[in-house]
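Me: I am new to this structure and would like to know what lies behind the terms used for it. Please take the questions in turn.

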Amino acid sequence: MATVTFCLVILLSLAIALYSRRGHHHQGSRDFFVASGQFGGVLLFFLAVGETYSIGSVLGFPAGTFSHGTAFVIWFLSYIVLAYPVGYFLNPWIWQAGRDHNAITMADLFRHHFGSRAVEVAMALNAILFLIPFGDLQFTGLLAVLQGFGWPVPTVVITTVAAVTAFFWVALSGIRAPAYVSILKDVMMIVAVVAAGVAALLASGHLPDVRQAGQDIAQIRPTGREEAFAMSTVVLQAIGFCVAPQTIAFLFTGRSRRIVRRNQILMPLYMLMFPFLYWVADYARRSGMPLHAPNDAFMAVSLALLPGWMDGLVAAACALSALVVLAGICLAIGPLVSHNLLHGLSDRQQRYGAQIVIAVYLLFSIVSAAHASGVMIKFNTMYYFGVTQVAPGIFAILAARAVSPAAVVAGLVAGDLLSVGLYLGDIDLGGINPGLVGLVTNAAILWGGSRLLPSRALVPILRRDEMPRQ
Amino acid sequence: MVKAVSRTIAPQGTARRRRDVRAPLWRIPVGVGLPFVAVDLALPLLDRVGGTVLGFPTVVFWLFAWFVLTSVCLSAVWFLHDRHRADEAG
């Protein structure tokens, strides 16, 4: 029964992807990548939250809570909830910059503002490099979910089917497909999380009190170093969340500043699913259920406490979470190559070029999920170190600051190298997140670069709020 | 709110107009400042508060509460000012 439910949901997602193509059979590259900036509030909301809460959230949050208690809960939830107020102010400005420059990708903003091909290429390469592990992680999460079913299917078949599905969505209608499928995915995911959480809460009432036995999550308290790490990580990631290449690309799909800003108000409420995931982790820990790995906590609790048909629904929700995020990442990487790195392609070539890049990326992710997942997990830890390094440049664009292109590239490279070097060298600065150290260094270099050139006679986007009504 | 401002700025000079329609400063402390202080800066303090609220450790419950309170802060900025801005139309 669970298998039937699972297959029905996946088929429904394909039907929705087909529906999203309606009226857009002849897409140009702008429509393919950013829906020609036509998305209203509902689609933009679901695209944004759909791409935020990946399979990593559904499996990773209970796993992290199960293993590391409140220390994990604090940093994981704090940065997401603070990213929304940052985005409330920052995102409309970024959207405006995109409109002013007719941008498809984050790298377009840099090319237009700094007038430098080198800056554009550096920003595109930085984004691609740090996005690479995402595909692998989605496949790894997908396998963790589907292996719970005990299907006698080789893992490479599962990852290939998933990759073909994601490619099919993207090839059908570009960004419209993950946006429309996100609606189904988010409804399903909320149903699955609430069902598993409520079942865990009810079942917890029958468990003996294990607080004295060290089984209680509340007993795992953060150390002073962990607090410093959490506080600095929250700052880094709340900023990084808003300037990540895929986030910026999704902003460009919005129809107006008003829609972009208004959506940020509701997004924190979407996080109310996390108490349910906390109950799942709490039950898994207190019940002492056997787990192969902490990542299995969510599925193990669901399989143990929910009826069979619900298991299929939960697995389908998790699978859709992986596929929607995978499709979104593909659509962020594709134009960074075909539009920014390979200059001079026609509109049609950019679109087909991106599809080739996406196919190669999916293939690479399948191989790495099978053979190099450990490396990718380490790489993923550094994701925010890299994507956040574009923030000083973005602020320079919004403030209409003239900065030497050499300083922009130097700041980016220094920020990346310092963050990654501190992390890989295991150099501890009192728990301060290495990415934040890199970011401050990067900003200092950029600021120094801006002192060398006079300001432009432009009205900064940051000051547009203050302009009188026309 | 904006209608009132527009009436007052109509006959006046550019410098004055700019000052009058400047986005009010309270937006930032209310929209970002409050959540940041409550969620990030208060963490060391909250970590030392023991006990549970509705079954959650106090610090975890506090974070959950700020999912709603962050929305309230942003709503305040939106409804009291940003909703009325002409450049947000569309």
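Me: Which pattern does chain B follow, read along the sequence?

Reply: This is a predicted model. In it, chain B follows the pattern α-α-α-α-β-β-α, with five helices and two strands. Chain A has 21 helices and zero strands.

Me: How many residues of each chain count as buried, as a percentage?

Reply: Buried residues make up 61% of the 470 residues in chain A. For chain B, the share is 38% of 90 residues. The accessible surface is about 16900 Å² for chain A, with 67% of that belonging to carbon and sulfur atoms. Chain B exposes about 4700 Å², and carbon and sulfur atoms supply 70% of that area.

Me: Why is A:Thr165 called buried?

Reply: The relative accessibility of A:Thr165 is 11%. Buried means under 20%, so A:Thr165 counts as buried. A:Thr165 has its place in helix α8 of chain A, residues 155–173. Leaving out residues up to four places away in sequence, A:Thr165 touches A:Leu14 and A:Leu323.

Me: What makes A:Phe72 and A:Trp75 an edge-to-face pair?

Reply: The structure holds 30 aromatic pairs over all chains. In the pair of A:Phe72 and A:Trp75, the distance is 5.7 Å centre to centre, and the angle between the planes is 80°. Rings pair if their centres lie within 6.5 Å, and planes over 60 degrees apart count as edge-to-face.

Me: What kind of aromatic pair do A:Tyr79 and A:Tyr384 form?

Reply: The pair of A:Tyr79 and A:Tyr384 is edge-to-face, at 5.6 Å centre to centre with 70° between the planes. This pair links distant parts of the chain: A:Tyr79 is in helix α5 of chain A and A:Tyr384 is in helix α18 (residues 383–387), 305 residues apart. Both A:Tyr79 and A:Tyr384 are buried.

Me: How do you know that A:Arg261 lies over the face of A:Tyr88?

Reply: A:Arg261 is at 5.3 Å from the ring centre of A:Tyr88. The distance cut-off is within 6 Å of the ring centre, and A:Arg261 is placed over the face of A:Tyr88. A:Arg351 likewise lies over the face of A:Tyr352, at 5.7 Å from the ring centre.

Me: Which residues make the nonpolar surface patch?

Reply: The patch of about 450 Å² is made by A:Leu266, A:Leu269, A:Leu272, B:Val68, B:Leu69 and B:Val72. The elements giving two or more residues are α12 (257–270) of chain A and α5 (58–80) of chain B. With three residues, α5(B) gives the most.

Me: Why is B:Pro29 called partly exposed?

Reply: B:Pro29 has 46% relative accessibility. Exposed means over 50% and buried under 20%, so B:Pro29 counts as partly exposed. B:Pro29 is found in helix α3 of chain B, residues 27–41.

Me: Which residues of helix α14 of chain A are buried?

Reply: In α14 (residues 297–305), A:Ala297, A:Phe298, A:Met299, A:Val301 and A:Ser302 are buried. The buried residues of α14(A) pack against several helices of chain A, including α4 (55–68), α7 (117–146) and α9 (176–204).

Conventions. Residues are numbered from 1 along each chain as its sequence is written. Chains are lettered from A and ligands numbered from 1 in the order in which they are written. This is a predicted model: local features need pLDDT of at least 70, side-chain atom pairs count only at pLDDT 80 or more; totals for chains, interfaces and linings use all residues. Side-chain values use heavy atoms; hydrogens and water are left out. Helices (H or I, at least four residues) and strands (E, at least two) are DSSP runs, numbered from the N terminus. Buried means under 20% relative accessible area, exposed over 50%, partly exposed in between (1.4 Å probe, protein chains only). Accessible areas come from the Shrake-Rupley method with a 1.4 Å probe; for residues, only the protein chains shown count as cover. Patches are made of residues with over 30% relative accessible area and no salt bridge: like charges are joined within 9 Å, nonpolar side chains (Val, Leu, Ile, Met, Phe, Trp, Tyr) within 5 Å. A salt bridge is a side-chain nitrogen of Lys or Arg within 4 Å of a carboxyl oxygen of Asp or Glu. Contact means heavy atoms within 4.5 Å. Rings of Phe, Tyr and Trp (its six-membered ring) pair if their centres lie within 6.5 Å; planes under 30 degrees apart count as stacked, over 60 as edge-to-face and the rest as tilted. A charge sits over a ring if NZ of Lys or CZ of Arg is within 6 Å of the ring centre and within 35 degrees of the ring normal.
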